[in-house]
Amino acid sequence: MALSLCDDTLHCNFPKCRAKLCGHAWATACSHVFCDQHGSIEFGHSPAICPACSSALSGKLDIIRTELSPSEEFKAIVLAGLRPEIVLDISTRALSFWSYQIHQERMYQDYTLSKSECQVKQMEKMLTQQNQCRELELTAMKGEISSLKKVLEEYKRKYTEVSERLMERNRHYQKLQGLYDSLRLRNMVVGERDMPLRQGHQDNHGCLGGAQQATPRGSPFFPSTGHDRGDGVLFSTLEPEGARLFFQPTSPARCGGRRFKKH
């Protein structure tokens, strides 16, 4: 116990100081001790008031400035000549002062510990609440992610369907394009093949018109049926004999006795 007391160090009892004491210190009759700086400030005026317990210190020896590490000469002479009971009484009072300081320090440490524990509990509570909020947010985000994944899968499915339909339409378009190209090429070939026939038909039609004008009134009239869808066949419905007679020169006798006059 004595070793633990000697190992401890006194602290300034000023509420906002709590510095370790060394060198000189101010001790009061109410068993409080202060550092040299705050003791000089607080006890430099009269009447003096203890900053720790607000006790009035009006006596001559209620406040004393003492040296915490006195010299060997001071130790040898300070209690010299005093009776043993006085020495024991002084020592007892000094040890009581020290014990009170240790008790105060432990109370202060207990108070600081309890305050720290309360703060830790509050922080743990806040941390628990924050963790719960984060878990709720995480659960909500997981649900949102799940729903977004479903939407993404739906979009992927629709995209696949649209792609397949587009490919099918492209194939159909390519097929139609091929058919169109083949038909256009066929029409071009047929047009090139029918061009001479059309020209011949036009020439024949001109000759036929002249022949019709020269045909007498009594001659039978054979209408022209034209070409059959580009095949270039003239008088396809006429008999060969009738066509031959049609293109033969008309005799004067068949013209009703009319003769052509020479000019």
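Modeller: The largest pocket has a lining of 30 residues, and T66, E67, L68, A94 and F97 are the ones that lie nearest its centre. The elements that contribute two or more residues to this lining are α1 (2-7), β1, β5, α3 (72-77) and α4 (84-214). The model is a predicted one. Of the contributors to the lining of the largest pocket, α4 gives the most, with seven residues. The space in this pocket comes to about 1400 Å³. Sorted by class, its lining holds 21 nonpolar residues, five polar ones and four charged ones.

Two of the contributors, β1 and β5, are among the elements named for the lining, and both also belong to an open sheet of three strands in the order β2-β1-β5, where the pairing is antiparallel. β2 and β5 are its edge strands, each pairing on one side only. From one strand to the next, the twist averages 30 degrees.

Strand β1 covers residues 24-28, and four of its five residues are buried. On one side, five bridges pair β1 with β5 (residues 63-67) in the antiparallel sense. Within this pairing, A27 stands opposite I64 of β5. β1 is also joined to β2 (residues 33-35), by three bridges, and these two strands run antiparallel. Here W26 stands opposite F34 of β2.

β1 and β2 form a hairpin with four residues between the strands. S31 is found in that loop between β1 and β2. Its phi is near 65 degrees, a positive value in a residue other than glycine. Most residues other than glycine have a negative phi, and most peptide bonds are trans. S31 has a relative accessibility of 21%, so it counts as partly exposed; the cut-off for buried is under 20%.

A second residue with a positive phi is R18, where the angle is near 55 degrees and the residue is again not glycine. R18 lies in the loop between α1 and β1. The peptide bond between S46 and P47 is cis, with omega at about -5 degrees. P47 is located in the loop between α2 (36-42) and β3 (48-49).

Rolling a probe the size of a water molecule over the atoms shows where empty space is left. One cavity of 30 Å³ or more is found when the whole structure is searched. The space in the largest cavity is about 40 Å³. Its lining is made up of T9, L10, H11, N13, R18, Q101, I102, Q104 and E105. By class, that lining has two nonpolar, five polar and two charged residues.

Among the lining residues of the largest cavity are N13 and Q101, and the side chains of N13 and Q101 make a polar contact at 3.1 Å. N13 sits in the loop between α1 and β1, the loop in which R18 also lies. The side chain of N13 reaches the backbone nitrogen of V33 as well, at 2.8 Å. N13 counts as buried because its relative accessibility is 13%, and the cut-off is under 20%.E105, another residue in the lining of the largest cavity, lies in helix α4. E105 is buried because its relative accessible area is 15%. R18 also lines the largest cavity, and 87 residues along the chain set E105 and R18 apart, while their C-alpha atoms are separated by 9.8 Å. Helix α4, which holds E105, is also the element that gives the most to the lining of the largest pocket.

Technical notes
Residues numbered from 1 in each chain as written. Predicted model: local features only at pLDDT ≥ 70, side-chain atom pairs only at ≥ 80, totals over all residues. Heavy atoms only, no water. Buried < 20%, exposed > 50% of the residue type's maximum accessible area, 1.4 Å probe, protein only. Pairing = 2+ DSSP bridges. 1 Å grid on protein atoms, 1.4 Å probe; cavity = no way out; pocket = protein on both sides within 12 Å on 5 of 7 lines; lining within 4 Å. Points joined across faces, edges and corners; volume = space filled by probe spheres on them. Nonpolar A, V, L, I, M, F, W, Y, C, P; charged D, E, K, R; others polar. Axes fitted to C-alpha atoms, helices over the stretch in contact; angles between N-to-C directions. Polar contact = N/O pair within 3.5 Å; in protein donor to acceptor, adjacent residues only side chain to side chain.
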